[in-house]
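The following note sets out numbered points on the structure shown below. Please read them alongside the sequence and the model.

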Amino acid sequence: MKLIIRIETWEKVKADMLEQIRLLLNDYTFQVVALGTGFLGLLSGVIGTYATLRKESLLGDALSHAALPGIGIGFILIQRKELSVLMLGAIISGLIATVIIQTMSRKTVVKLDSALSLILSSFFGLGLVILTSIQNNPNAQQAGLSNFIFGQASAMLRSNVQLIGLTGLVLLVLVALFWKEFKVFTFDPMFGRTLGFSSKIVESLLSTMIVVTIILGLESVGVILISALLTGPSVAARQWTNRLSLVMLLAAGIGFVSGVTGTFISSMGARIPTGPSIVVVVSMFVFLSLFISPGRGILARHMAYRKRQKVFMKQIRSLEE
Amino acid sequence: MDDKQAISIEHLTVAYDARPVLWNITTGFKEGRLTAIIGPNGAGKSTLIKSVLNFLQPITGTVAFSIQNEQNVPYKKIKNKVAYVPQNTSVDWDFPATVLDVVLMGRYGHLGWLKRPGKRDKDLSKQMLLKVGLPTFASRQISQLSGGQRQRVFLARALAQEADIYIMDEPLSGVDMKTERIIMKLLKKLVEQGKTVIVVHHDLQTVEDYFDDVVFINREVIAQGPVQEAFTQGNIDETYHQDRNLGEGEG
Ligand SMILES: Nc1ncnc2c1ncn2[C@@H]1O[C@H](COP(=O)(O)OP(=O)(O)OP(=O)(O)O)[C@@H](O)[C@H]1O
Ligand SMILES: [Mg+2]
């Protein structure tokens, strides 16, 4: 008797959950937001491939953290959560951080990685101070400003999604147009220069594209974790193929799935930030790929090694006989 | 042989810091000749090449290029016509690309902005791989190459540029005898086609066999000219026995 009741409650829980999922999937707002984060993930996968191959993932991390004070100051200036102003603030403080990082590592004895982590934490600290002081001043408008730290996709408006879509489309077209230039400057920038292409144009285009992608993701993914969305998909994708175009396509797919799934997870529970849930999904792709991918995966390498060992041992033994 | 200079350098002085690494270099590389640049470690050979190719800003001096119908033009006008293989490239060999992909990059300069390589470019790149002795490597991942094979891939990439001037910084370092012969034969063939080839070279034993002209460099130009005339024991001694970069520079 007891057992039957238990099964019934389990059935009920399951039915409730399925119903909730069904409702969520049919929810228009969720669809819009998931589409937004999905496309953002796709974009991060594509543009992030360049960032990881150029070994600039750490720079992306520093830039996104450095955007926080700009967001706070932007809000203080207009006392409203106007996305365009906040993004402008983010871009400006990101640029200031870049300039400081470059001068530090070029002109003085500070190594690049030290300069990066120094700027990352000091700008982020400043940003937290500014945001906290804003929250201490009562102003109804400030609600949701802290979303920029961990990201809250449900805060996205339809217009934000449109902005992501439009800007992303422009970036994808640029990737298609400048495919060969970006490829050679990512692999061997010095050689690219001797071919007669302007390194200024190509490299600044590439860095701008990376910065724009980061800025687009600030609200929905947050300053702390956006760089994980930028690097994760391409790192996972690299394990499965040796061709740049396929790495990029696969990274786009992984980014899209992570964006949608992460938003779904975050919408299921109350107040789960989107950034962390997206990044958890991305990380699963990364770890799975590191382990089980054929050829480059840890498991495959180990098995190949064992097999080789066996074959050679047999040969050696047959020689000894 | 005609004595036209493909590259002429006048009063070139280059410094990384207070001490000049190159001092008042005036020299030239003749068109259609195979020229060796010779000097001890730290003499400034790589620096000379990098200044010629605008990677370094010289303090003073001019460098002018002359090819076919362009006379005395600066490097940026004819970048396309100059192929350069650096001494050590710090590229990421785990980059997702095949050997053919890399050689194909040599064609990018001819294609110009936006255009993609076509079948002709691919065929030509495969030919170049055949020339450097790696015909079966086209679809191999670049991470799976030995040091000498990498060097040959870069050589193939330079050949695919179909340039008029080839500048190679120690293309023979770290390659075996057989590969050395393959490379030198290729360079000789380029020169026979009227191209100009400049090679930084370290092995004094082979200079007479391999090269037409020689330039001795140790901070300054010590001697230069056709190998028969300039490659003398006196010049070698003078270039190698004064280690100018060890002590303080003499002004
Ligand atoms: N980036 C740099 N900054 C400061 N000094 C440098 C730099 N590169 C080279 N030098 C110095 O300039 C001098 C010439 O260097 P260069 O690389 O031109 O020598 P090289 O003739 O090519 O030697 P090698 O035969 O070892 O390749 C050396 O004394 C070197 O220490
Ligand atoms: Mg050198």
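1. B:Glu220 is partly exposed, with a relative accessible area of 26%; buried denotes under 20% relative accessible area, exposed over 50%, and partly exposed the range in between (1.4 Å probe, protein chains only). This residue belongs to strand 10 (residues 220-226) of chain B. The C-alpha atoms of B:Glu220 and B:Trp23 are 5.3 Å apart, although 197 residues separate them along the chain.

2. This is a predicted model, in which local features need pLDDT of at least 70 and side-chain atom pairs count only at pLDDT 80 or more, while totals for chains, interfaces and linings use all residues. Residues are numbered from 1 along each chain as its sequence is written, chains are lettered from A and ligands numbered from 1 in the order in which they are written, and side-chain values use heavy atoms, with hydrogens and water left out.

3. The magnesium ion (ligand 2) has B:Ser46 (OG) and B:Gln87 (OE1) as its protein donors, at 1.9 to 2.2 Å. Donors are N, O and S atoms within 2.8 Å of the metal (3.2 Å for Na, K and Ca); water is not among the atoms, so sites may look incomplete. B:Ser46 lies in helix 1 (residues 45-52) of chain B and B:Gln87 in the loop between strand 6 (82-85) and helix 2 (99-104) of chain B, so the pair ties together parts 41 residues apart in sequence. Helices (H or I, at least four residues) and strands (E, at least two) are DSSP runs, numbered from the N terminus. B:Ser46 is buried, at 18% relative accessible area, whereas B:Gln87 is partly exposed, at 34%.

4. Ligand 1 is surrounded by 13 residues, the closest being B:Gly42, B:Gly44, B:Lys45, B:Ser46 and B:Thr47; a residue counts as near if one of its heavy atoms lies within 4 Å. An oxygen atom of ligand 1 lies 3.2 Å from a backbone N or O atom of B:Ala43. The side chain of B:His202 places an N or O atom 3.1 Å from an oxygen atom of the ligand.

5. In chain B, 4 strands form an open antiparallel sheet in the order 2-1-4-5; two strands pair if DSSP finds at least two bridges between them. Strand 2 (20-30) and strand 5 (70-73) of chain B are the edge strands, each pairing on one side only. Strand 1 (residues 5-15) and strand 4 (residues 60-67) of chain B are joined by 5 bridges, and B:Glu10 has B:Thr62 in strand 4 as its bridge partner.

Technical notes
Polar contact = N/O pair within 3.5 Å; in protein donor to acceptor, adjacent residues only side chain to side chain.
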